[in-house]
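Open your viewer and get ready to select residues one stop at a time. Take each stop in order and look before you move on.

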Amino acid sequence: MLPDIHDFLGCPTPQAWVDAALANQETLLIDHKNCEFKAAATAMSLMAKYNAHIDLIHFMSRLAREELVHHEQVLRWMKKRGVPLRPLNAGRYASGLRKLVRAHEPVKLVDTLVVGAFIEARSCERFGAVAPQLDTDLGGFYSGLLKSEARHFQGYLKLAYHYGDAADIAKTIVKVREAEVALIETPDEEFRFHSGVPA
């Protein structure tokens, strides 16, 4: 599972981010909760927009349900640890990747799916990076999310190839990978689940 993820991504999570995650576990949990909600919302938005794409609808319906379950699970962890709900502005990561999505169909859908694959792949890789260094309980929860995040990554990528041209997708992956590496390895003013190196 993780070797495939590492091969797809252009770099590992820097240790400086892992150190920041350990030092900012409340923010980590709140932003993780937000990410799960946004992942479910994105899936439902794609179902609504591409409502004649039956394979996409089946995958996104399952994905939205699973992401909402994860959202509820993180909320329970927050309650257990006394982490209050508070607003967090979104980081630069997802919006930075979505800037690369072309504006015309059908490549807009395919680019969106490739970006989704990168977001899910990075989420999986980050769970793997931080889980062993968290306490046993929270680390076990994060380790338990690895399989589902890897499955989401594979599902997004499979749909991209289903609806797009393989040669074009290969070029898109290279382009998105370069941007993703820059977002992960360059200084970031705010710590978030997908943020770069702490500034």
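Select residues 166-185, which form helix H9. Keep in mind that this is a predicted model.

Now colour the buried residues of H9. They are Ile169, Thr172, Ile173, Val176, Ala179, Glu180, Val181, Leu183 and Ile184. Look at the spacing as you go along the helix. An α-helix has 3.6 residues a turn, so residues three or four places apart point the same way.

**Stop two: around Glu180**

Tyr93 is found in helix H5, residues 93-98. Is Tyr93 buried or exposed? Its relative accessibility is 4%, so Tyr93 counts as buried; the cut-off for buried is under 20%. The side chains of Tyr93 and Glu180 are joined by a polar contact of 2.6 Å. Beyond its neighbours within four places in sequence, Tyr93 also contacts other residues, including Phe118, Ile119, Arg122 and His194.

Next, select Arg122. It lies in helix H6, residues 107-130. Arg122 has 0% relative accessibility and counts as buried. Which side chain makes a polar contact with Arg122 at 2.7 Å? It is the side chain of Glu180. The side chain of Arg122 makes another polar contact, at 3.0 Å, with the side chain of Glu125. Show what else touches Arg122, setting aside neighbours within four places in sequence: among them are Leu9, Cys11, Pro12, Thr13 and Tyr93.

**Stop three: the nonpolar core**

Select Phe8, Leu29, Met60, Leu97, Phe118, Tyr142 and Tyr156. The largest nonpolar core has 62 residues, and these seven touch the most other members. H6 gives the most to this core, with 12 residues.

Zoom in on Leu97. Not counting residues up to four places away in sequence, Leu97 touches Val115, Phe118, Ile119, Val176, Ala179, Glu180 and Leu183.

**Stop four: the rings**

Turn to the aromatic side chains. How many aromatic pairs are there? The count comes to nine. Select Trp17 and Phe193. Their ring centres are 6.1 Å apart and their planes are at 85°, so the pair is edge-to-face; that label needs an angle over 60 degrees. Trp17 lies in helix H2 (residues 15-23) and Phe193 in the loop between strand S1 (187-188) and strand S2 (197-198), so the pair ties together parts that are 176 residues apart in sequence. Both residues are buried.

Phe127 and Phe193 form a tilted pair, 5.2 Å centre to centre with 50° between the planes. Phe127 lies in H6 and Phe193 in the loop between S1 and S2, so this pair ties together parts 66 residues apart in sequence. Phe127 is buried as well.

Ring pairs link Trp17, Trp77, Phe127, Phe141, Tyr142, Phe191 and Phe193 into a cluster. The charged end of Arg126 sits over the ring of Trp17, 4.1 Å from its centre. Lys80 lies over the face of Trp77, also at 4.1 Å from the ring centre.

**Stop five: helix H4**

Select residues 54-80, which make up H4. At 1.5 Å a residue, its 27 residues should span 39 Å, and the end C-alpha atoms are 39 Å apart, so these values agree too. The buried residues of H4 include Leu56, Phe59, Met60, Leu63, His70, His71 and Trp77. What covers them? The cover includes helix H3 (25-49), H6, helix H7 (136-144) and helix H8 (146-163).

Pick Glu66 in H4. Glu66 is partly exposed, with a relative accessible area of 22%. Leaving aside neighbours within four places in sequence, Glu66 is in contact with Ser148, Arg151 and His152. Draw a C-alpha to C-alpha line from Glu66 to Glu36: they are 30 residues apart in sequence and 9.0 Å apart in space.

Finish just after H4. Gly82 takes a positive phi of about 70° there.

Note on methods. Residues numbered from 1 in each chain as written. Predicted model: local features only at pLDDT ≥ 70, side-chain atom pairs only at ≥ 80, totals over all residues. Heavy atoms only, no water. Helix = DSSP H or I, 4+ residues; strand = E, 2+ residues; numbered from the N terminus. Buried < 20%, exposed > 50% of the residue type's maximum accessible area, 1.4 Å probe, protein only. Contact = heavy atoms within 4.5 Å. Polar contact = N/O pair within 3.5 Å; in protein donor to acceptor, adjacent residues only side chain to side chain. Core = buried A, V, L, I, M, F, W, Y, C linked by side-chain atoms within 4.5 Å. Expected span 1.5 Å × (residues − 1). Phe/Tyr/Trp six-rings, centres within 6.5 Å; stacked < 30°, edge-to-face > 60°. Lys NZ or Arg CZ within 6 Å of the ring centre and 35° of its normal.
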